[in-house]
Amino acid sequence: MTENTNHHRESLLTEHFRETRRQLRGLLLKVWGGGFLVVLFGFALAWFFIQPAPPRTIVMATGSDDGAYHRFAMQYRDYLGRQGVTLELRPTAGSIENYRLLESDPEVNLAIVQGGTAPKSFSGAVEIEALASLYFEPLWVFYRGDETLADLRDLKGKAIAIGRSDSGTESIATLLLDENGIDADAGSTRVQVGGREAAERLKNGQVDVAMFVLSPQSTLVREMIASPDIQLLSFQRDDAYVRRHPFLTAVTLQRGVIDLEHDYPHQDVQLIAPAANLIATRSLHDALIPLLLRAASQTHRGRESLLQPGRLPSTEFIEFPLNQSARVYFEDGPPFLQKYLPFWVASAISRGKILLLPALTLLLPLFRMAPPLYRWRIRSRIYRWYEILRGIESELRNESDLQRLKKNVTTLVQMQGELDDLKSVPLSYMEEFYNLRLHVEFVQRRVQYAIAELDQTAAADDEAPSEPADPSAQNHSAPNHSAAEDSAAAAPPRPDQTPDGIAGS
């Protein structure tokens, strides 16, 4: 019987743990099953909306190696390189070729172009967006001779360097000369050279006029203004040109602004100026646009323009639809995260915002499930002992094995020792903890009472004599009965008679 009882108690504890695991699995399946499906659906949905990571390399069409576009693009490249982005520069003949590359080469998705130079043959198969107007680059018309020319119409019969083929200078020079009737019928010759070569030809007398579209800070402009035999044409009808061509702006080059010491120019000069524009294809990743605009702002605002300083970069003189990220940049400034974090970290966080929905879907059930799980975990440690107490108490009803009862007492003493060593019960569960201790003591007293009764019964059986053959021996039965009563009177009180009221609970 002892082995069966021991096996029964072990089976009770084992069954308790099995039932606990079943309940836990049911709880997890109930809470996590539906939650997992919702989260999985949320991540799948977010996958279609989240942007891919921005590329680490951008290809940009610039201009000639000795031109301003290329020089400014090199400064962009240095800035982007410090942010972990490689800007690959593609030198070209100028703005016309830049447009051609944007349309024909899928690797090229960024360019600096001169305002008003979009070729008529440009099909628009690739959608172009404007990022910013960068700076004014006036049209400079230098000519040889002592006479003062008042207008482009005075260039009839002269050899004119109109810039390299496919360049922005050639585009605007051709447009304005045609409008003023300066063509072959007027005895004029157009020579497709530009940059340093055009300046040298003008100085050597190989051409009479050289047209440039350059920044006022260009060293070539300073050299030409300082040349004694070369003069700068002032556009007296600058407002008319601006009205006819919205991409042009009338600007004034104040006297002495190029060189105060030598007073260059010697008088105010009226010029017309297109704006250099930063444009991109729709394939350029939106996360890179604020980075490019910060590079442009540092490059061009760091060197105040001599023409309307502080006005550019802006969105004022763009010719294509403005990119939405560029619009946000000029209205609200750089993205908040990019102000304080490295570009790639800020980009990852910004792209990951779409994942907040499935993340919150996952976290909310966790927060709701945490308190019940915590209560279950604490109470399960207490209820585990109640299973053993219930098994011991149920054995008291028919238990007649003294050794088994003593073993139960040992088990209860071990339980009290373990409870004494238990230090991790939260204060909010101390009531249940002390109730357990009281109930252990209650069961222990019941077991001790059962042991005392068995001891008394055994002692009474040992002291009772065998039945006498002589009736006279019955006179001795009274004292034996009194001894039994005395022994019963000496037995400990029952647990339900204790004043602490535990048994009645």
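This is a predicted model: local features need pLDDT of at least 70, side-chain atom pairs count only at pLDDT 80 or more; totals for chains, interfaces and linings use all residues.
Let me begin with Asp66 and Arg164, whose side chains meet in a salt bridge with an N to O distance of 3.7 Å. These two residues link distant parts of the chain, 98 residues apart, with Asp66 in the loop between strand E1 (57-61) and H2, and Arg164 in the loop between strand E6 (159-161) and helix H4 (168-179). Asp66 counts as exposed, because its relative accessibility is 51% and the cut-off for exposed is over 50%, whereas Arg164, at 31%, is partly exposed.

Next comes the salt bridge between the side chains of Arg90 and Asp105, at 3.0 Å from N to O. Here the partners are 15 residues apart, Arg90 being in strand E2 (residues 86-90) and Asp105 in the loop between helix H3 (95-104) and strand E3 (108-114). Asp105 is buried, with a relative accessible area of 16%, and if you look around this pair you will also find Glu107, which is linked with Arg90 and Asp105 in a network of salt bridges.

My last pair is Arg190 with Asp178, where the closest N and O atoms of the salt bridge are 2.6 Å apart. Arg190 is in strand E7 (residues 189-191) and Asp178 in helix H4, so that the pair, 12 residues apart, again links distant parts of the chain. Both residues count as partly exposed, Arg190 at 29% relative accessibility and Asp178 at 44%.

Now to the helices. How do H2 and H8 cross? The axes of helix H2 (residues 68-82) and helix H8 (residues 288-301) come within 9 Å and cross at roughly 125°, which makes H2 oblique to H8. The crossing in which H2 passes H8 is right-handed.

As for the residues that meet there, H2 brings Phe72, Gln75, Tyr76, Tyr79 and Leu80, while the residues on the H8 side include Leu291, Leu292, Arg294 and Ala295. Sorted by class, this contact of H2 with H8 has 8 nonpolar, 4 polar and 1 charged residues.

That is where I will stop, and I am happy to go back to any of these places in the model.

Key:
Residues are numbered from 1 along each chain as its sequence is written. Side-chain values use heavy atoms; hydrogens and water are left out. Axes are lines fitted to C-alpha atoms, for helices over the stretch in contact, and angles run from 0 to 180 degrees between N-to-C directions. Helices (H or I, at least four residues) and strands (E, at least two) are DSSP runs, numbered from the N terminus. Angles under 35 degrees count as roughly parallel, over 145 as roughly antiparallel, 65 to 115 as roughly perpendicular and the rest as oblique. A crossing is left-handed if the near helix is turned anticlockwise from the far one by less than a right angle, and right-handed if clockwise. Contact means heavy atoms within 4.5 Å. Ala, Val, Leu, Ile, Met, Phe, Trp, Tyr, Cys and Pro count as nonpolar, Asp, Glu, Lys and Arg as charged, and the others, Gly among them, as polar. A salt bridge is a side-chain nitrogen of Lys or Arg within 4 Å of a carboxyl oxygen of Asp or Glu. Buried means under 20% relative accessible area, exposed over 50%, partly exposed in between (1.4 Å probe, protein chains only).
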